[in-house]
Amino acid sequence: MLGCWETPEQVLRTMEKVRAAGVDVMTFGQYTRPSKWHMHVSEYITPEAFEQYHVLGMDVGFRYVASGPYRGHHTKQVNSTSRP
């Protein structure tokens, strides 16, 4: 989930570590505050930024990356690609 005070550099570093651990699939979605008792959304990620994370994930070597402003039970496939 993005929008929790992370930086693009932190996201990239995390992708690299996760991929190095042998993970083939990465998903990115928008954090939404489920109630007033949960942390605030730090920012709403733009569609362009989600697309950039998709491209970066594929460049890092993931076989499948889903990246878009979906959340939890409303998940749908957005900007996804699979490599053979």
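Me: In which sense do E1 and E2 pair, and over how many bridges?

Reply: E1 and E2 run parallel to each other, with four bridges between them. Bear in mind that this is a predicted model.

Me: Which residue of E2 stands opposite Thr27?

Reply: Ala66 of E2 stands opposite Thr27.

Me: And which way do the side chains along E1 point?

Reply: The side chains of E1 alternate. Met26 and Phe28 point to one face and are buried.

Me: What does Met26 touch, leaving out residues up to four places away in sequence?

Reply: Met26 touches Met15, Val18, Phe62, Tyr64, Val65 and Ala66. Of these, Met15, Phe62 and Val65 belong with Met26 to the largest nonpolar core.

Me: What else is in that largest core?

Reply: The core has 12 residues. Besides Met15, Met26, Phe62 and Val65, the list holds Leu2, Val11, Phe28, Ile45, Ala49, Phe50, Tyr53 and Met58. H1, E1 and H2 each supply at least two residues of this core.

Me: Which element gives the most to this core?

Reply: H2 gives the most, with four residues. As background, nonpolar side chains tend to be buried together in soluble globular proteins.

Me: How much of the chain is buried?

Reply: Of the 84 residues, 30% count as buried. As for contacts between residues at least 6 apart in sequence, 58% join residues at least 24 apart.

Me: What does the side chain of Ser67 reach?

Reply: The Ser67 side chain reaches the backbone oxygen of Phe50, at 2.7 Å. Phe50 is one of the core residues.

Me: Now H1. Why does its length agree with what 13 residues should span?

Reply: At 1.5 Å a residue, the 13 residues of H1, 8–20, should span 18 Å.

Me: What follows H1?

Reply: Gly22 follows H1, with a positive phi near 95°.

Me: Which residue other than glycine has a positive phi?

Reply: Trp5 is one, with phi near 70°. Trp5 sits in the segment before H1, and with a relative accessible area of 51% Trp5 is exposed.

Me: How many salt bridges does the structure hold?

Reply: The structure holds one. Asp24 forms a salt bridge with Arg19, and their closest N and O atoms are 3.1 Å apart.

Me: Last one: what does Leu56 touch, leaving out residues up to four places away?

Reply: Leu56 touches Leu12 and Met15. Leu56 is in helix H2, residues 47–60, whereas Met15 is part of the core. The C-alpha atoms of Leu56 and Leu12 are separated by 7.5 Å, with the two residues 44 apart along the chain.

Me: And why does Leu56 count as partly exposed?

Reply: Leu56 counts as partly exposed because its relative accessibility is 31%, and that class runs between the cut-offs of 20% and 50%.

Key
Residues are numbered from 1 along each chain as its sequence is written. This is a predicted model: local features need pLDDT of at least 70, side-chain atom pairs count only at pLDDT 80 or more; totals for chains, interfaces and linings use all residues. Side-chain values use heavy atoms; hydrogens and water are left out. The expected span of a helix is 1.5 Å times one less than its number of residues. Buried means under 20% relative accessible area, exposed over 50%, partly exposed in between (1.4 Å probe, protein chains only). Contact means heavy atoms within 4.5 Å. A polar contact is a pair of N or O atoms within 3.5 Å; within protein, one must be able to donate a hydrogen and the other to accept it, and residues adjacent in sequence count only if both atoms are side-chain atoms. A nonpolar core is a set of buried Ala, Val, Leu, Ile, Met, Phe, Trp, Tyr and Cys residues joined through side-chain atoms within 4.5 Å. A salt bridge is a side-chain nitrogen of Lys or Arg within 4 Å of a carboxyl oxygen of Asp or Glu. Two strands pair if DSSP finds at least two bridges between them.
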